[in-house]
Amino acid sequence: MNFIFARRFFWLLALGLLPLSFSWMIPALVDITIGYNLLLFLAAWFDNAQTGRLMNLQVERHVHHHLSLDAKNAVTLRLWNHSLRAATIQLEDEYPPEMEASHTRLHGSIGPAEALTLSYTLRPNKRGDFQFGKTVCRVLGPYKLVWRQIAFNTGQGVRVYPNFRQARHLDLYAHRHRQMLVGQKRQRFRGHGREFESLRDFVTGDEIRHIAWTATARRGRLITRQYQIEQNQNLMIMLDTGRLMKAQIDRLSKLDHAINAALALAYVGLSGNDNVGLLIFNRHVRAYVPPHHRPRQLNVLLETLYNVEAELVESNYAQAFQYFTARNKKRSLVVILTDIIDRESSEQMLAYTSLLTTHHLPLLVTISDVDLHQLVQQVPAKLADVYQQAVAEELLHQRRQALAHLSSRGGLVLDVPAGNMAVELVNQYLEIKEQGLL
C-alpha cells in the first residue's frame, strides 16, 4: 500500500459511525452508515490517485561521507517540487540504526516549482562503515484524507571516524603555556631539549649546568645556553584491542577513548615534526604504520583506526613487542594504550614493557576505574557494602602494584580517567620532550 490514512479520514470515519448508536430505533441508519463509509473510502482512494497524478517530487540527501564518533553530524534533505500545486509533506530518512537521530520525522510545506531544505543531526555510537537506506516522503492529498507515500532510492555509504574534532579544538597546550601555530613549516618549543638554539643572558631560575662559561668570560656577564625541543624523533603508538579494551565507559568503549587520545597525540607529534607510527595488536598484530612525518601521515592513521574493534581475546604482548623491536632500531617513545587489572594477570605485558627500557622509552597509558574509586570513597550503609569496598580496595591496590612495578623498571606510567586521557597524554608527551628524556 502506497498511502496512509490521514487524521481527517479517521475523524470522518468516527463521525460516520455515530448513527449506528441510533440504528436500534431507525434501522435505515445502518444502510446510510454503510453508504457513507463506502463514499469516504472512495474519496480517500480518489485523493490518493490525485496526489500521485499531480505531484512530481525529487529528494536528495546531503551528508559528509566521513562522520565523527559521538558527535553531532548534520544531515540535510533537499526536496524539489516540480509540479504546479503546493504540498504538505513529511520526510523519514532510513539512517543507520547504530546512530541516534535528533528527529525521526521532518515536516514542511513546499510551493509549486520550489525547493525545501530540512535537516537533522546524527550521533554515531560506533566507528566503521555504515549504510543509509531510502528516504520516504509522504504527501498530504488535496482533500487531506490520505498521505501518499513515495520512497526515493537515496542509499549511500558513510564512514564513522574517531572524533578528531576533539583533538583539534582542545586547548592542549594551556597546561604547558605554549603555542603551536598550525600551518607553520617549523615550530619551536623552548625548554630543556637537547638541540642547542641560542645564547642569552642568565636569569634567576636557569640551571647552572647550562651556563656557557666561555661566552661568560668573553662578555663579562653570565650567559646561558638555550635549547629547543628536539624534532624528528620517533613516537610509536601501540594500541591494544584485546578483551580488556571492550568495556564501556559512558557512551564509548575503552578502545574508543584510547583511539581519541592516540589521534590527539599523533596530531601534536606530527605538528612538532616528530615521526609518528602506529601498531595495533591483540592476539596478533593487526596493523602497522611505520613512523613518519609526511604530510598525509595523519590521514593514514585515521584510515587505519576508523574501523578497529576490540575482540574477546587475550592480547599477545610478546608478539607485538617483538614485531615492533624488529622494525624500529632508532630510540623511540613507545606509548602503549592498554588496560591492566593486576600484576599477576598482566605479568607478560609488564615483563615485555620493561624490556623496552633498554633501547626505548615506554609510556604505559591505562584508563583508571572511576567507579572503583567512587565505591571505595562511599560510606557503607550495610554489611554487603563493606565487603564490596574491600574487594574494590584490593583491586585498586593490585593495580597500583602492577603500575609501580613498571615504573621501578624505568618505564613511565599514566593512569587517568577516560575523560582526561587525551589532555593528560599530550601533556605527558610535551613533558618528556621538554626534559629531553627521549
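Buried here means under 20% relative accessible area, exposed over 50% and partly exposed in between, with a 1.4 Å probe and protein chains only. All views come from a predicted model, where local features need pLDDT of at least 70, side-chain atom pairs count only at pLDDT 80 or more, and totals for chains, interfaces and linings use all residues. Residue numbers start from 1 along each chain as its sequence is written, and side-chain values use heavy atoms, leaving out hydrogens and water.

**View 1. Val 63 and the residues it touches.** Val 63 sits in strand β2 (residues 57-63); strands (E, at least two residues) and helices (H or I, at least four) are DSSP runs, numbered from the N terminus. With a relative accessibility of 11%, Val 63 counts as buried. Leaving aside residues up to four places away in sequence, Val 63 touches Ala 74, Val 75, Phe 132, Gln 156 and Val 158, contact being heavy atoms within 4.5 Å. Ala 74 is eleven residues from Val 63 along the chain, and their C-alpha atoms are 6.7 Å apart.

**View 2. An open sheet of three strands.** The order is β3-β12-β9, and the pairing is mixed; two strands pair if DSSP finds at least two bridges between them. β3 (66-68) and β9 (128-132) are the edge strands, each with a single partner, so one side of each has no neighbour in the sheet. From one strand to the next the twist averages 35°. β3 and β12 (residues 156-161) run parallel, joined by three bridges. Look for Ser 68, which stands opposite Tyr 161 in β12.

**View 3. Helix α6, largely enclosed.** Seven of the nine residues of α6 (residues 297-305) are buried, so the rest of the structure largely encloses this helix. The buried ones are Gln 297, Leu 298, Val 300, Leu 301, Leu 302, Thr 304 and Leu 305.

**View 4. Where α7 meets α8.** The axes of α7 (residues 317-327) and α8 (residues 347-355) come within 9 Å and cross at roughly 20°. Axes are lines fitted to C-alpha atoms, for helices over the stretch in contact, with angles from 0 to 180 degrees between N-to-C directions. The two helices are therefore roughly parallel to each other, a label for angles under 35 degrees. α7 passes α8 in a right-handed crossing, meaning that the near helix is turned clockwise from the far one by less than a right angle. On the α7 side, Tyr 317, Ala 318, Phe 321 and Gln 322 meet Gln 348, Met 349, Tyr 352 and Thr 353 of α8.

Key:
Angles under 35 degrees count as roughly parallel, over 145 as roughly antiparallel, 65 to 115 as roughly perpendicular and the rest as oblique.
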